[in-house]
Amino acid sequence: GEAAYLPFAEITDPAQLKDYPWPSADSFDYSGIREECIAIKERGGVALYCPFSFDFINNIGRTRGVTQTLMDIGLRDPVFLLLLQKRFEFHYEMDRRVFAAADGEIDVVHLCEDLGGQNGPLISMPTFNELMAPSFQAAFDLAHKHGALTMMHICGGIRPMLPRLIEMGLDIFDVVQVAAKGMEIEGLARDFGKDIVFCGSMCVQSFLAQGTPELVTAEVEKRLRLFPDGGLILGPSHDIQVHTPVENVIAMYQAAGYITDV
């Protein structure tokens, strides 16, 4: 679903939001989190994932509109800066309380920000460093303090940003949109494979949606050769689209060894 109503589209002054009922971390019950984590660990790992966590561009865009939000970023609009601050404060405080309640039982924290488009980054590195890096740095530091890995969903061609994200402490890069500029899996494996784990990379724009089971299998086998010692959590490069042939999806997971029969 996408936003049909943009509540802050007409806001021009932060003072207009002085009485707005912002979401609060106080609204949630954290008392049973550790027990839930222990129960989940009997089946696998524990990931802390609040849908669209942080995710400033996407979700401020859902309140002001995408065009206005991109203009806000360029102009450093005070309304946008207030929304960024409020969004960070809410998600950071909620994560802080979840980590404290889990008492070391969380393995991965998953954050979001669509920093790239099909042809490259949506914003410059100076803009990222000024507006967003401090928030993500705080989130990464919080996760590492509690023994968790950091995982971040980032769409698009963000290769120029990868060194900075690695420097900040990003452990797992999700979802590797290989059809975007500069995101070929061979180059990513060669240049960054020792520094970060990749997640995704099976292209929902091309061979997964439009190819054959044989082509999909060949793409999986390529990844097995590129990451012989691990470093890739294989999966689709985004949500599998509705028109994707089921046999291609099955071929992907069979070739990866995730399933043996259907």
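**Ground rules.** I count residues from 1 along each chain as its sequence is written, and my side-chain values use heavy atoms, with hydrogens and water left out. As the model is predicted, local features need pLDDT of at least 70 and side-chain atom pairs count only at pLDDT 80 or more, while totals for chains, interfaces and linings use all residues.

**The sheet.** I started with the strand order. Six strands form an open sheet, running S1-S2-S5-S6-S7-S8, and the pairing is parallel. Strands and helices here are DSSP runs numbered from the N terminus (E, at least two residues, for strands; H or I, at least four, for helices). I call two strands paired if DSSP finds at least two bridges between them. At the edges I found S1 (47-54) and S8 (232-236), each pairing on one side only. On average, neighbouring strands of this sheet are turned by 20° against each other, direction ignored; the axes are lines fitted to C-alpha atoms (for helices, over the stretch in contact), with angles from 0 to 180 degrees between N-to-C directions.

**Strand S5.** Next I looked at S5, residues 149-153. Four of its five residues are buried, so the strand is largely enclosed by the rest of the structure. Buried means under 20% relative accessible area, exposed means over 50%, and partly exposed lies in between (1.4 Å probe, protein chains only).

I then checked its partners. S2 (residues 108-112) pairs with S5 in the parallel sense over five bridges, and His110 has Met151 in S5 as its bridge partner. With S6 (residues 172-175), S5 pairs in the parallel sense over three bridges; here His153 has Asp174 in S6 as its bridge partner. Between these two strands the chain passes through helix H7 (residues 162-168), and this β-α-β crossover is right-handed. That handedness means that, with the strands pointing away from the viewer, the path from the first strand over the helix to the second runs clockwise.

**Toward S8.** I also followed S7 (residues 197-202), which pairs with S8 in the parallel sense over five bridges. Met202 stands opposite Pro236 in S8.

Val175 is found in S6. Val176 is found in the loop between S6 and helix H8 (185-192), and its phi is near 60°, a positive value in a residue other than glycine. At 0% relative accessibility, Val176 counts as buried.

Asp103 has a positive phi too, about 55°, although it is not a glycine. I found Asp103 in the loop between helix H4 (78-102) and S2. Its relative accessibility is 51%, so Asp103 counts as exposed.

**Helix H2.** Which residues of H2 are buried? They are Phe56, Ile57, Asn59, Ile60, Gly61, Thr63 and Arg64. That is seven of the nine residues of H2 (56-64), so I noted the helix as mostly covered. The cover includes S1, H3 (66-75), H4 and H6 (133-145), with contact taken as heavy atoms within 4.5 Å. Just after H2, Gly65 takes a positive phi of about 95°.

**Asp19.** My last stop was Asp19, in the segment before helix H1 (33-41). Asp19 is exposed, with a relative accessible area of 64%. C-alpha to C-alpha, Asp19 and Glu184 are 48 Å apart in space and 165 residues apart in sequence.
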